[in-house]
Amino acid sequence: MASNNNSNNEANVLHPHITPMSTYLKVAGALFALTFLTVIAHQFHTQLGALAGPVAFLIAAVKAAFVLLYFMHLKDDNNTNRVIFATGFFFLFVLFLFSVVDIATRVVEVSPL
Amino acid sequence: MSTDNITHVRSAHVSHHFKDATQEYDSGKQGIWLFMVTEILMFGAILVGYAIFHHIYPDMFAEGAKSLDWRLGFVNTLVLIFSSFTMAISISFVQKNQIRNAAIALATTILCGAVFMCIKYFEYTHKFHLGLYPGHYLDAAKVGAHHANLGMYFGFYYTMTGLHGLHVLIGMGLITWLLIRTIRGDFHSQYWLPVEGVGIFWHIVDLIWIFLFPLLYLVG
């Protein structure tokens, strides 16, 4: 750190990936549009019936992907952070899967008392 | 640390236990991502609970969702998405040494958080006024509920939005801290890790709301 001009100085320099403003504007626009789509899709929830929930969840998942990739910079991040993030969702999926399996396979028992 | 920043204003400060600036930056960011996993699992567990009880009592959840004003949730979604946008661009501004713009973007983010909490406050007080409390505090006969266990829906509603609101408040506090440090000149094109870290936290708060809005207000 003594000199600013020696070759070691390169180690002290960050080369940030600067996301261009146009990308952020596009992503924000897409997120706004998908929020409107969520509400529009809800107007047809009687026609959609049981699909209304999954449709709303799917739109939310697409929005979440936009936020993660662009706002949270996972798109330009290293693989370690991607794996860390994926681990969180993996264990959430495990929790969900076994809870659903448990609930779905329960047998209603009537007490003989 | 501070003396270093004064002597080399536009260079990254590398602590001696790091190999180089990139490793230091990556280590800090990795810590934030590990913290994000705990956030995902905390909210995820409540969402799994919601999914299960929604499956068991779909009509009761539909009745609960109808008692919420989706327009308020909709406006709050737009407000949070806009705040995420201003948070994201503040990082770009810092990276380009446009400190004034970064400060404006951060201040806008705090303002959006405040708008979100104001709307939330009016929603909560309105619910309390109607007697829509969580769990057994909700008197089904008094509020004219069709389902005796409507209190469960509001248990989920208050837990999810309350925990989320707490995160918004903490996020606003952290962004205020960032704003002060930005104005003070702590951040520049070689040092913005705290802005990135708090940004990731703020985006996950937005991300959670993206799921809460359709689940609580629309589908029910």
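User: What makes α2(B) stand out in the lining of the second largest pocket?

Analyst: In this predicted model, α2(B) gives the most to that lining, with four residues. About 320 Å³ of space lies in the second largest pocket. Of the 17 residues that line this pocket, the closest to its centre include Pro16(A), His17(A), Tyr25(B) and Lys29(B).

User: How do you know which classes of residue line the second largest pocket?

Analyst: Asp, Glu, Lys and Arg count as charged, and Gly is among those that count as polar; on that basis the lining has five nonpolar, seven polar and five charged residues.

User: What makes up the lining of the largest pocket, by class and by helix?

Analyst: The largest pocket holds about 1,300 Å³ of space, and Gly53(A), Phe57(A), Tyr50(B), Ala51(B) and Leu215(B) are the closest to its centre among the 44 residues that line it. Its lining has 35 nonpolar, eight polar and one charged residues, and the largest share, 10 residues, comes from α2(B). Both chains take part, for α3 (52-71) and α4 (79-104) of chain A, together with α2 (21-56), α3 (58-66) and α8 (193-219) of chain B, each supply at least two residues.

User: What kinds of secondary structure does chain B have?

Analyst: Chain B has eight helices and zero strands.

Notes. Residues are numbered from 1 along each chain as its sequence is written. Chains are lettered from A and ligands numbered from 1 in the order in which they are written. This is a predicted model: local features need pLDDT of at least 70, side-chain atom pairs count only at pLDDT 80 or more; totals for chains, interfaces and linings use all residues. Side-chain values use heavy atoms; hydrogens and water are left out. On a 1 Å grid over the protein atoms alone, a cavity is a set of points where a 1.4 Å probe fits but cannot get out, and a pocket is an open set with protein on both sides within 12 Å along at least five of seven lines; lining residues have an atom within 4 Å of a point. Grid points are joined across faces, edges and corners, and a volume is the space filled by probe spheres set on the points.
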